[in-house]
Amino acid sequence: QDLGQYGLRYSHLGIAYHDESALGGRGAWRVVHKLNQCGSSRSTLYRQGLAEFFGDGLYAHEAGVVVLKPAIAARLPERLKDDSVLTALHEPRYNMLAYPWSGPYQQSNQWAIETLALLAEPAIISRAAARDWLRAHDYRPTTLQISPLTRLGARVSTAHISFDDHPFGRRMAGQIDTVTVDSVFDWLMRSRFGE
């Protein structure tokens, strides 16, 4: 979707990997990602080929890519083929603007960055541990300025947006912190996990 009014370029994050065993050993690129069902408050994880991933009603046919450092990237293909790894930190209660430092909800980009933490640090076994690791490695969410009227309208008219997980003072000031693709890309480069 177009998030230009918030100064954001990308709206959705997936983790891509090359599956050498796919297509009879010829290999294929796969993307794992999380989506909510048509504005509902529930979400599901998906593993798709690139054509299917990019063929799902895009606002603009544009993608950004950050290549992970070899030490992390080498672990991805085998671990991302394992459904138990993908679901380990999945919270199906979906909130498009979930607060990144609490756990009652999870949005798509939040699942991806928490799963990246799990892939980078195998000792992580919970969402709380992933959030602690992300804080320790200087992840900084995006702060969106959202007016009270806009928040009220979103909360009343949509099942997939909630603000009750955000700290009260910041919420009342219209400061909504959330995981965005732009903030993940910035963090990957700043932390030197990406190239």
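Guide: One term to begin with: buried means under 20% relative accessible area. Also, keep in mind that this is a predicted model.

Visitor: Okay. How many residues of helix H9 are buried?
Guide: 7 of its 10 residues are buried, so defined as under 20%. Helix H9 covers residues 181–190 and is mostly covered.

Visitor: Which ones are buried in H9?
Guide: Val181, Asp182, Ser183, Val184, Phe185, Trp187 and Leu188.

Visitor: What do the buried residues of H9 pack against?
Guide: They pack against helix H5 (108–120), helix H6 (127–136) and E4.

Visitor: And what comes just after H9?
Guide: Arg192, which takes a positive phi of about 65 degrees.

Visitor: Back to Trp187. What does Trp187 touch?
Guide: Leaving out residues up to four places away in sequence, Trp187 touches Ile113, Trp133, Leu134, His137, Asp138, Tyr139 and Phe193.

Visitor: Which residues touch the most other members in the largest nonpolar core?
Guide: Trp187 is one of them, along with Leu80, Trp133, Leu134 and Tyr139. That core has 36 residues. Two or more residues each come from strand E1 (15–19), helix H3 (76–80), helix H4 (83–87), H5, H6 and H9.

Visitor: Which element gives the most to this core?
Guide: H5, with 8 residues.

Visitor: What lies apart from it?
Guide: Another core, of 7 residues. Leu8, Leu97, Leu144 and Phe163 are among them.

Visitor: Why do they alternate?
Guide: Because in a regular strand the side chains alternate between the two faces of the sheet.

Visitor: How many bridges join E4 to strand E5?
Guide: 4 bridges, and the two strands run antiparallel. E5 covers residues 175–178. Gln145 stands opposite Gln175 in E5.

Visitor: New topic. Is Glu91 buried or exposed?
Guide: Buried, because its relative accessibility is 14% and the cut-off is under 20%. Glu91 is found in the loop between H4 and H5. Among the residues Glu91 touches are Lys34, Tyr105 and Arg127.

Visitor: Last one. Which residues make the nonpolar surface patch?
Guide: Trp29, Leu50 and Phe54 make it, at about 280 Å². Phe54 lies in helix H1 (residues 50–54). With a relative accessible area of 34%, Phe54 is partly exposed.

Technical notes: Residues numbered from 1 in each chain as written. Predicted model: local features only at pLDDT ≥ 70, side-chain atom pairs only at ≥ 80, totals over all residues. Heavy atoms only, no water. Patch = residues over 30% accessible without salt bridge, like charges linked within 9 Å, V, L, I, M, F, W, Y side chains within 5 Å. Areas by Shrake-Rupley, 256 points an atom, 1.4 Å probe, with all protein chains shown as cover. Salt bridge = Lys/Arg side-chain N within 4 Å of Asp/Glu carboxyl O. Buried < 20%, exposed > 50% of the residue type's maximum accessible area, 1.4 Å probe, protein only. Pairing = 2+ DSSP bridges. Contact = heavy atoms within 4.5 Å. Core = buried A, V, L, I, M, F, W, Y, C linked by side-chain atoms within 4.5 Å.
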